[in-house]
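Reader: I would like to be taken through this model one feature at a time, with the general idea first and the particular case after it.

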Amino acid sequence: MDNSLIINLAEKYGTPLYITDLDIVEKNYRKIESSFKKYFNKLKIFYAMKANYNPFILKLLKSLGSGIDAASPYEFILAEKIGFNGKDISFAPPNASKEELNVASIYGVDTLILDSLDMLENSKGLRFKNYGVRINPSIEAGFSEKVMTGKAYSKFGVDISSFNKLIEKSKEIGIEINGLHAHIGSGILDEKPYSILIDKMTKIFDNLSKKDFIDIGGGFGYNYMTGEHIDTDKIASVINDKFPYDKELRIEPGRYLVVNASILISRVNGVKEIDGRKKYVQIDAGMNSLIRPALYNAFHRIKLLNENGDIEEKYDVVGPICESDDYIALDVRLKRPKVGDYIAILDVGAYGISMASNYNLRPIPAEVILKKNNVVGIRERDSLENIVGKYKGLDNL
Ligand SMILES: Cc1ncc(COP(=O)(O)O)c(C=O)c1O
């Protein structure tokens with residue numbers, strides 16, 4: 001993205017501001033699709049919309065042929081509003097009430113991924129076309145302990161010893177399981193965990209009486225330091241080596257598709273120096289706008305858009321939230337910024353705006369959507385009215 005375009009957008013829409021380039025999402029989609037299509041003619045891609053539920057992204061991915069991996073009813077309802085139909089939707093909640101599962105069946109959701117025996121019980125009497133079981137394969141993979149969803153004893157999925165119990169139970173209640181699912185972690189940077197996973201999954205798959213699909217989940221990573229995606233050709237190849245069926249392979253990329261499509265623009269409110277040793281750049285985007293650094297110690301590259309000083313110095317880039325962990329980047333080398341300068345935080349398309357909050361009553365940032373360098377849409381910044389207007393009855397106190 002061009003610096004002057006970014007600064008113009010920041011002046012027009014204010015900061016913090018997410019800017020998303022749909023052309024990058026399209027490029028990422030085409031890349032992962034071509035990697036897997038080489039080997040799997042029955043490939044289905046379900047975009048994990050938790051990474052970024054921006055409706056413009058959803059509409060673009062729909063036009064490219066993607067389906068949706070939904071983690072909550074709110075997600076598949078939005079997807080259906082955008083034009084996805086039930087057959088394009090796989091609902092894989094970490095847990096769900098009977099009422100939520102009922103909503104899924106009313107909305108015609110095609111695939112339900114069962115995470116537990118109780119979810120199976122809760123779905124009694126409802127009908128889905130496909131039932132997958134999410135297994136916990138006991139594999140440690142992901143960029144942080146906090147996102148290793150497939151490690152032993154994690155809250156996700158059914159452990160291998162409970163799997164047979166679930167199959168027995170499904171037979172008792174007349175539900176036919178026809179697929180296997182796993183999602184082992186996020187931000188995986190090499191193909192090895194997928195190779196181990198497919199080994200474990202095919203062994204269990206053979207025990208199903210109806211075998212229609214294997215879903216290996218998402219997790220396809222991105223190197224935030226170099227700006228490179230994981231090599232999806234290698235993943236597709238190792239899975240192909242161990243996938244002896246002419247069956248449907250499903251993948252659920254989230255981060256991969258959107259990570260480098262967005263930047264977050266923020267303004268410098270102050271520069272603080274302590275004893276000439278410790279230096280902070282205080283910006284208007286904090287953990288309320290982008291929680292990944294505070295939550296996972298995640299790294300994001302930072303770019304100063306108006307470079308004016310000559311010597312580089314080391315700064316911690318921190319936000320306006322009353323928390324010590326409210327930082328965006330630590331020990332970054334920058335030419336001395338000044339109040340009013342703009343800073344771009346790179347690679348925030350995944351789990352950026354979708355995890356933003358109103359903490360300290362700050363508004364969730366505005367978003368600008370670009371296609372071919374033209375603004376095609378915006379999401380307005382929250383107003384105080386739409387945040388606090390939801391409280392009713394204050395006058396009764
Ligand atoms: C079931 C499931 N599928 C896919 C994903 C997407 O993961 P990623 O964004 O790392 O590709 C997630 C993320 O939490 C998930 O829980």
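This is a predicted model: local features need pLDDT of at least 70, side-chain atom pairs count only at pLDDT 80 or more; totals for chains, interfaces and linings use all residues.

Reader: Where does serine 138 lie, and what is its phi?

Author: Serine 138 belongs to the loop between β6 (130–136) and β7 (158–159), and its phi is near 60°, which is a positive value in a residue other than glycine. With a relative accessible area of 47%, asparagine 373 is partly exposed.

Reader: Which peptide bond is cis?

Author: The peptide bond that runs from threonine 15 to proline 16 is cis, with omega near -5°. Proline 16 is found in the loop between α1 (3–13) and β1 (17–21).

Reader: How should I read the packing of helices, and at what angle do α4 and α5 pack?

Author: Two packed helices are described by the angle between their axes together with the distance between those axes. In this model, helix α4 (residues 73–82) and helix α5 (residues 98–106) pack at an angle of about 15°, and their axes are 10 Å apart. That makes α4 roughly parallel to α5, because angles under 35 degrees count as roughly parallel. The handedness is given separately, and here α4 passes α5 in a left-handed crossing.

Reader: What are the corresponding values for α2 and α9, and is their crossing left-handed or right-handed?

Author: Helix α2 (residues 22–37) and helix α9 (residues 232–241) pack at an angle of about 30°, with 8 Å between their axes. This angle makes α2 roughly parallel to α9, and α2 passes α9 in a right-handed crossing.

Reader: Let us turn to charged side chains. How many salt bridges does the count come to?

Author: The general idea is to look for a side-chain nitrogen of Lys or Arg within 4 Å of a carboxyl oxygen of Asp or Glu, and by this rule the count comes to 25 salt bridges. One of them joins the side chains of arginine 30 and glutamate 26, at 2.8 Å from N to O. Both residues lie in helix α2, 4 residues apart, which is about one turn of the helix.

Reader: Which salt bridge ties together parts that are 43 residues apart in sequence?

Author: The side chains of aspartate 199 and lysine 242 meet in a salt bridge, at 3.3 Å from N to O. Aspartate 199 lies in helix α8 (residues 192–205) and lysine 242 in the loop between α9 and β12 (248–251), so this pair ties together parts that are 43 residues apart in sequence. Aspartate 199 is partly exposed, with a relative accessible area of 31%, and lysine 242 is partly exposed as well, with 29%.

Reader: What joins strand β16 and strand β17?

Author: The side chains of glutamate 312 and arginine 333 meet in a salt bridge, with 3.7 Å from N to O. Glutamate 312 lies in strand β16 (residues 312–318) and arginine 333 in strand β17 (residues 327–335), so the pair ties together parts that are 21 residues apart in sequence. Glutamate 312 counts as partly exposed at 42% relative accessibility, and arginine 333 counts as partly exposed at 48%. Elsewhere, salt bridges that share partners join Glu121, Lys124, Lys169 and Glu172 into one network.

Reader: Which residues form a nonpolar patch on the surface?

Author: Leu361, Leu384, Val388 and Tyr391 form such a patch, and together they have about 420 Å² of accessible area. Of these residues, tyrosine 391 has its place in the segment after α12 (384–388), and with a relative accessible area of 63% tyrosine 391 is exposed.

Reader: Finally, what separates the C-alpha atoms of lysine 303 and glycine 187?

Author: These C-alpha atoms are separated by 23 Å, and the two residues are 116 residues apart along the chain. Lysine 303 lies in strand β15 (residues 302–304), where at 40% relative accessibility it counts as partly exposed.

Note on methods. Residues are numbered from 1 along each chain as its sequence is written. Side-chain values use heavy atoms; hydrogens and water are left out. Patches are made of residues with over 30% relative accessible area and no salt bridge: like charges are joined within 9 Å, nonpolar side chains (Val, Leu, Ile, Met, Phe, Trp, Tyr) within 5 Å. Accessible areas come from the Shrake-Rupley method with a 1.4 Å probe; for residues, only the protein chains shown count as cover. Helices (H or I, at least four residues) and strands (E, at least two) are DSSP runs, numbered from the N terminus. Buried means under 20% relative accessible area, exposed over 50%, partly exposed in between (1.4 Å probe, protein chains only). Axes are lines fitted to C-alpha atoms, for helices over the stretch in contact, and angles run from 0 to 180 degrees between N-to-C directions. Angles under 35 degrees count as roughly parallel, over 145 as roughly antiparallel, 65 to 115 as roughly perpendicular and the rest as oblique. A crossing is left-handed if the near helix is turned anticlockwise from the far one by less than a right angle, and right-handed if clockwise.
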